[in-house]
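Dear colleague,

Please find below the structure that I am handing over to you, followed by an account of what was found in it.

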Amino acid sequence: MPKMKTKSGAKKRFRLTGSGKVKMAVAFKRHGMRKRPTKMLRQHTGTKIMSAQDAARVKKYFLPNG
């Protein structure tokens with residue numbers, strides 16, 4: 001039986017917190033900052049906790065390792 005592997009894309013994009021929530025980087029910050037409002041750029045710094053509905057799907061990618 002082969003080993004189960006994590007999704008390598010999810011491994012690079014998401015982290016699990018100690019309580020089991022999913023941390024993620026905020027979207028829309030890769031390029032084109034001049035056309036975006038300053039308030040939006042300020043609010044989108046750092047990482048955020050993913051919504052529960054999306055986190056349930058992402059957690060399945062990490063099943064072999066917790």
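In strand 3, threonine 47 is the bridge partner of alanine 25. Please note from the outset that the model is a predicted one.

Strand 2 and strand 3 pair in the antiparallel sense, and three bridges join them. Strand 2 covers residues 22-25, and on pairing with strand 1 it again forms three bridges in the antiparallel sense. Taken together, the three strands make an open sheet with antiparallel pairing, in the order 1-2-3. Strand 1 (14-16) and strand 3 (47-49) are the edge strands, each of them pairing on one side only. On average, neighbouring strands of this sheet are turned by 30° against each other, with direction ignored.

The chain as a whole

The protein contains three helices and three strands. Along the sequence these elements follow the pattern α-β-β-α-β-α. The radius of gyration of the protein is 15 Å, whereas a compact globule of 66 residues would have one near 11 Å. Along the principal axes, the C-alpha atoms fill a box of roughly 50 × 25 × 20 Å. Of the 66 residues in the protein, 15% are buried.

The largest pocket

Which residues line the largest pocket? They are Met24, Ala25, Val26, Ala27, Phe28, Lys29 and Arg30. By type, this lining divides into five nonpolar residues, two charged residues and no polar ones. The volume of the largest pocket is about 150 Å³.

Phenylalanine 28 deserves a separate remark. This residue lies in the loop between strand 2 and helix 2 (38-43). Most residues other than glycine have a negative phi. Phenylalanine 28, however, has a positive phi, near 70°. Is phenylalanine 28 buried or exposed? Its relative accessibility is 56%, and exposed means over 50%, so phenylalanine 28 counts as exposed.

Residues in and around the helices

Lysine 7 is found in the segment before helix 1 (8-13). Its relative accessible area is 48%; because this value falls between the cut-offs of 20% and 50%, lysine 7 is partly exposed. How far apart are the C-alpha atoms of lysine 7 and leucine 63? They are separated by 9.6 Å, although the two residues are 56 residues apart along the chain.

Methionine 40 has its place in helix 2. With a relative accessible area of 21%, methionine 40 is partly exposed.

Alanine 55 belongs to helix 3 (residues 52-59). Why is alanine 55 counted as buried? Its relative accessible area is 7%, and buried means under 20%, so alanine 55 falls in that class. The C-alpha atoms of alanine 55 and valine 22 are separated by 5.9 Å, with the two residues 33 residues apart along the chain.

With kind regards

Notes: Residues are numbered from 1 along each chain as its sequence is written. This is a predicted model: local features need pLDDT of at least 70, side-chain atom pairs count only at pLDDT 80 or more; totals for chains, interfaces and linings use all residues. Side-chain values use heavy atoms; hydrogens and water are left out. Two strands pair if DSSP finds at least two bridges between them. Helices (H or I, at least four residues) and strands (E, at least two) are DSSP runs, numbered from the N terminus. Axes are lines fitted to C-alpha atoms, for helices over the stretch in contact, and angles run from 0 to 180 degrees between N-to-C directions. On a 1 Å grid over the protein atoms alone, a cavity is a set of points where a 1.4 Å probe fits but cannot get out, and a pocket is an open set with protein on both sides within 12 Å along at least five of seven lines; lining residues have an atom within 4 Å of a point. Grid points are joined across faces, edges and corners, and a volume is the space filled by probe spheres set on the points. Ala, Val, Leu, Ile, Met, Phe, Trp, Tyr, Cys and Pro count as nonpolar, Asp, Glu, Lys and Arg as charged, and the others, Gly among them, as polar. The radius of gyration is taken over C-alpha atoms; the globule rule is 2.2 Å times the number of residues to the power 0.38. Buried means under 20% relative accessible area, exposed over 50%, partly exposed in between (1.4 Å probe, protein chains only).
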